[in-house]
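Subject: Structure for you to look at

Hello,

Here is the structure I said I would pass on. Please open it and keep it beside this message while you read.

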Amino acid sequence: MSKIGILVASSNNNLKLGQKLALLAKEQGVETELIDLVSLNLPLYNTIEEEKNGIPKEAQELASKILSLKAFIVVAPEYNGVMPAVLNNAMSWTSRATKDWRDAFNEKVVGLATHSGGGGTKVLQAMRIQFQHLGANILSREILTSYDKPLNEESAINMISQLNKLSEV
């Protein structure tokens, strides 16, 4: 059995959603690793920062964790119709901390999830575009929760089961 990474790009409701997904996975006997991207406190990526200070230790550790995993659930809120800067920034550093910019997600299986107060469909589209560009295979099933729409646990368990099965191939 492989381990599923849960990348969370928020410290509020999306972190709670990530923690709930980890709990549901544990109940199914699936091991997870929750990675709180906010707590990494990575500097904003730019080439000058990288040239001046190199790749931060936290970004190197994140890239190593991601490289060791075959499947992920990416959990992020919708900010102004797209994903939050913390997610894009973490992916920018990760792509620079690996030998080839696609190494971290190429051929990996990814499920997408959001808790959004403003709809959430646009962040799911934005994440789908980004992770497909990084070479990931994105599940068609997505998780979208809001203040009015709680998590459908059956759907979440199905996503976890698919990720687990596909990552063992």
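Below are notes on the sheet, the cores and a few single residues.

The model is predicted, so local features need pLDDT of at least 70 and side-chain atom pairs count only at pLDDT 80 or more, while totals for chains, interfaces and linings use all residues. Residues are numbered from 1 along each chain as its sequence is written, and side-chain values use heavy atoms, with hydrogens and water left out.

The sheet

Helices (H or I, at least four residues) and strands (E, at least two) are DSSP runs, numbered from the N terminus. Two strands pair if DSSP finds at least two bridges between them. In general, strands of a sheet pair through backbone hydrogen bonds, either parallel or antiparallel.

Here, five strands make an open sheet with parallel pairing, in the order S2-S1-S3-S4-S5. S2 and S5 are at the edges with a single partner strand each, so one side of each has no neighbour in the sheet. On average, neighbouring strands are turned by 20° against each other, direction ignored. Axes for such angles are lines fitted to C-alpha atoms, for helices over the stretch in contact, and angles run from 0 to 180 degrees between N-to-C directions.

With helix H1 (residues 13-27), S1 and S2 make a right-handed β-α-β unit. Right-handed means that, with the strands pointing away from the viewer, the path from the first strand over the helix to the second runs clockwise. S2 has a covered face, Glu33 and Ile35, and an uncovered one, Thr32, Leu34 and Asp36.

Contact, or touching, means heavy atoms within 4.5 Å.

Val110 and Ile138

Val110 lies in strand S4 (residues 109-115), and its bridge partner in S5 is Ile138. Buried means under 20% relative accessible area, exposed over 50%, and partly exposed in between (1.4 Å probe, protein chains only). Val110 counts as buried because its relative accessibility is 0%; Ile138, at 16%, also counts as buried. Leaving aside neighbours within four places in sequence, Val110 contacts residues including Phe72, Phe105 and Leu163. With residues up to four places away not counted, Ile138 touches Val110, Leu112, Arg128, Phe131 and Gln132.

The cores

A nonpolar core is a set of buried Ala, Val, Leu, Ile, Met, Phe, Trp, Tyr and Cys residues joined through side-chain atoms within 4.5 Å. The largest has 29 residues, of which Leu7, Leu87, Phe105, Met127 and Phe131 touch the most other members. H4 (57-68), S3 (71-75), H5 (85-97), S4, H6 (121-133) and S5 (137-145) each supply at least two residues of this core. A second, separate core of 21 residues includes Ile4, Val30, Ala71 and Ala113.

Asn89

The Asn89 side chain reaches the backbone oxygen of Pro43 at 3.0 Å. Asn89 also touches Leu42, Leu44 and Tyr45, among others, not counting residues up to four places away in sequence.

Regards

Note on methods:
A polar contact is a pair of N or O atoms within 3.5 Å; within protein, one must be able to donate a hydrogen and the other to accept it, and residues adjacent in sequence count only if both atoms are side-chain atoms.
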